[in-house]
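Subject: Structure for you to look through

Dear colleague,

I am passing on the structure that I have been going through, and I would be glad if you opened it beside this message. My notes on what was found follow below.

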Amino acid sequence: MGMDRGDGRNPNQMRPLACSRNLLHRAHGSARWSQGNTIVLAGVYGPKAGTRKGENPELASIEVIWKPKTGQIGKQEKEYEIILRRTLRSICLLTVHPNTTTSVILQVVGDDGALLPCAINASCAALVDAGIPLKHLAVAICCGLTEQGSLILDPTKIEEQAIANLVFPNPPTSVIPKGSSTSAEEPFEHGIITSVTHGAMPVDDYFNCLERGRAACSKISEFFRKSLQSDLPDNASKAS
């Protein structure tokens, strides 16, 4: 419990969160999400007419493009693109704009650990900024296991040993367009949208990560809600 982390946080403490939207003028929506020194800028372009090759034209298509801070895209970045696309498809209402493609472009500004959850949170904020119809939001957190066997939230780069990147659904909120269906049959009301682990993690520790991650994501959800409300017109932001 009294474990001392390199940056002075306790095991259950996240780094400071910050989110700003509507930053890229040529994008239909954009957001910059930071967790400490891990920072991702997301831009949303579309919906544009036509779907990706081989996809169902009766549904909307989601395209994800990952841009590293430096260098060329590698195997891990391609894996991130696949995970992000799968996650974003699960929260978007794909029947609203059939036979269209929405592109989500992610630019890594800084990477000091928990990069994938930061990118997912940035993507969700950018989708909201673009007015893309959503079933619900997704909130993401990274939980790590230290060499000493202690669980920690939101690890920095030097703390990343065995980690679990977890994405939970956020209940439908005012960001859902009026008239949109919330798809009551979705299976993760109390579950998890995405789970990606790296490194060896015992099963008991993984389930402990789920519990800690779920609790942490409720705090991220509250931060997200307040961030979105702060961008609303004065008369709307005063409505609770």
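This is a predicted model: local features need pLDDT of at least 70, side-chain atom pairs count only at pLDDT 80 or more; totals for chains, interfaces and linings use all residues.

Residues are numbered from 1 along each chain as its sequence is written, and side-chain values use heavy atoms, with hydrogens and water left out.

**The chain as a whole**

The chain has four helices and nine strands, and from the N terminus on these elements follow the order β-β-β-β-α-β-α-β-β-β-β-α-α. Of the 240 residues in the chain, 47% are buried, where buried means under 20% relative accessible area, exposed means over 50%, and partly exposed means in between (1.4 Å probe, protein chains only). If we take the contacts (heavy atoms within 4.5 Å) between residues at least 6 apart in sequence, 72% of them join residues at least 24 apart.

Leaving aside neighbours within four places in sequence, Leu-210 is in contact with Leu-166, Phe-168 and Ile-192, and Ile-192 is 18 residues from Leu-210 in sequence, with their C-alpha atoms 8.7 Å apart.

**Helices H1 and H2**

The 17 residues of H1 (residues 75-91) should span 24 Å, and the end C-alpha atoms of H1 are 25 Å apart, which agrees. Buried in H1 are Glu-77, Tyr-80, Glu-81, Ile-83, Leu-84, Thr-87, Leu-88, Ser-90 and Ile-91, and these pack against S4 (61-67), S5, H2, S6, S8 and S9 (194-198).

How are H1 and H2 placed relative to each other? They pack at an angle of about 40 degrees, with their axes 11 Å apart; axes are lines fitted to C-alpha atoms, for helices over the stretch in contact, and angles run from 0 to 180 degrees between N-to-C directions. The two helices are therefore oblique to each other, since angles under 35 degrees count as roughly parallel, over 145 as roughly antiparallel, 65 to 115 as roughly perpendicular and the rest as oblique. On the H1 side of the contact are Tyr-80, Ile-83, Leu-84, Thr-87, Leu-88 and Ile-91, which meet Leu-115, Leu-116, Ala-119, Ile-120, Ser-123, Cys-124 and Leu-127 in H2.

**Single residues to look at**

Asn-165 is found in strand S8 and counts as buried at 5% relative accessibility. Apart from neighbours within four places in sequence, Asn-165 is in contact with Leu-116, Pro-117, Ile-141, Cys-142, Thr-194, Ser-195, Val-196 and His-198.

Arg-32 lies in strand S2 and, at 34% relative accessibility, counts as partly exposed. Arg-32 and Asn-121 are 89 residues apart in sequence, yet 9.2 Å apart in space, C-alpha to C-alpha.

For the backbone, most residues other than glycine have a negative phi, and most peptide bonds are trans. Asn-22, in the loop between S1 and S2, has a positive phi of about 60 degrees although it is not a glycine, and Asn-22 is exposed, with a relative accessible area of 56%. Ala-114, in the loop between strand S5 (100-110) and H2, has a positive phi near 55 degrees, but Ala-114 counts as buried at 1% relative accessibility. Finally, a cis peptide bond with omega of about 10 degrees joins Gly-46 and Pro-47, and Pro-47 has its place in strand S3 (residues 38-49).

Notes. The expected span of a helix is 1.5 Å times one less than its number of residues.
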